[in-house]
Amino acid sequence: MLVEMNKVVTFHYRLSEPGQAVFEDSHERQPVVYLHGQQSMLVGLSEAMTGKQAGDKYTVTLLPDKAYGLRRENAVQRVSIKHVVSPANKKINYKPGMIVQVKTNQGPRDVTIIKAGLKNLDVDTNHPLAGRTLDFEIEVLDVRDASAEELAHGHAHGDGGHQH
């Protein structure tokens, strides 16, 4: 079965910058599962995935506009520490350069700490990988028809997908 609109795709990936070592590898956890064509995947990955099938392995290089976007220089914001997603509600010693998730109206968002205070953080709201050219090594594990419920919800369900 080919990857096309409204198919559920399961894949593993390795991520690096061109000519650099791998810095993220999904083989160390569950594979990614997504509903193709629902804008839940990076534009460049979705485009490269179209027409592939289970067993395909390939590498794709994404320029920033097809990955996490260009960096915006005016993307600094002050947020209250109470809006930071804290694992197991642990107290964390925040430091510049740390990547944390903050709660937003659109769900959690990764940000990079620029300056840490007692009650507030100054953060860069650009995605940590914004402005970077990225190499993805992809291994397509499975392609299947989406269920009626997945189509209605606009995302994949089950292992590696969205849980309700």
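This report describes the aromatic pairs, the charges over rings and the pockets of a predicted model.

## Basis

Residues are numbered from 1 along each chain as its sequence is written. Local features need pLDDT of at least 70 and side-chain atom pairs count only at pLDDT 80 or more, while totals for chains, interfaces and linings use all residues, and side-chain values use heavy atoms, with hydrogens and water left out.

## Aromatic pairs

The structure holds three aromatic pairs, where rings of Phe, Tyr and Trp (its six-membered ring) pair if their centres lie within 6.5 Å, and planes under 30 degrees apart count as stacked, over 60 as edge-to-face and the rest as tilted. The rings of Phe11 and Tyr34 are edge-to-face, because their planes stand at 90°, with the centres 6.0 Å apart. This pair links Phe11 in strand 1 (residues 7-16) with Tyr34 in strand 3 (residues 32-35), 23 residues apart; strands are DSSP runs of E of at least two residues and helices are runs of H or I of at least four, numbered from the N terminus. Phe11 is buried at a relative accessible area of 1%, and Tyr34 is buried at 4%, where buried means under 20% relative accessible area (1.4 Å probe, protein chains only).

Tyr13 and Phe136 form a tilted pair, with 6.0 Å from centre to centre and 55° between the planes. Tyr13 lies in strand 1 and Phe136 in strand 9 (residues 134-145), so this pair ties together parts that are 123 residues apart in sequence. Both Tyr13 and Phe136 are buried, and ring pairs link Phe11, Tyr13, Tyr34 and Phe136 into a cluster.

## Charges over rings

Lys52 lies over the face of Tyr58, at 4.6 Å from the ring centre, and Arg132 lies over the face of Phe23, at 5.3 Å from the ring centre. Such a charge has NZ of Lys or CZ of Arg within 6 Å of the ring centre and within 35 degrees of the ring normal.

## Lys7

Lys7 is found in strand 1 and counts as buried, at 12% relative accessibility. Leaving aside neighbours within four places in sequence, the residues in contact with Lys7 include Tyr34, His36, Val143 and Asp145, contact meaning heavy atoms within 4.5 Å.

## Lining classes

The lining of the largest pocket divides into 14 nonpolar, three polar and two charged residues, whereas the lining of the second largest pocket has four nonpolar, six polar and three charged residues. Here Ala, Val, Leu, Ile, Met, Phe, Trp, Tyr, Cys and Pro count as nonpolar, Asp, Glu, Lys and Arg as charged, and the others, Gly among them, as polar. A pocket is an open set of points on a 1 Å grid over the protein atoms alone, where a 1.4 Å probe fits, with protein on both sides within 12 Å along at least five of seven lines, and lining residues have an atom within 4 Å of a point.

Terms used
Buried < 20%, exposed > 50% of the residue type's maximum accessible area, 1.4 Å probe, protein only.
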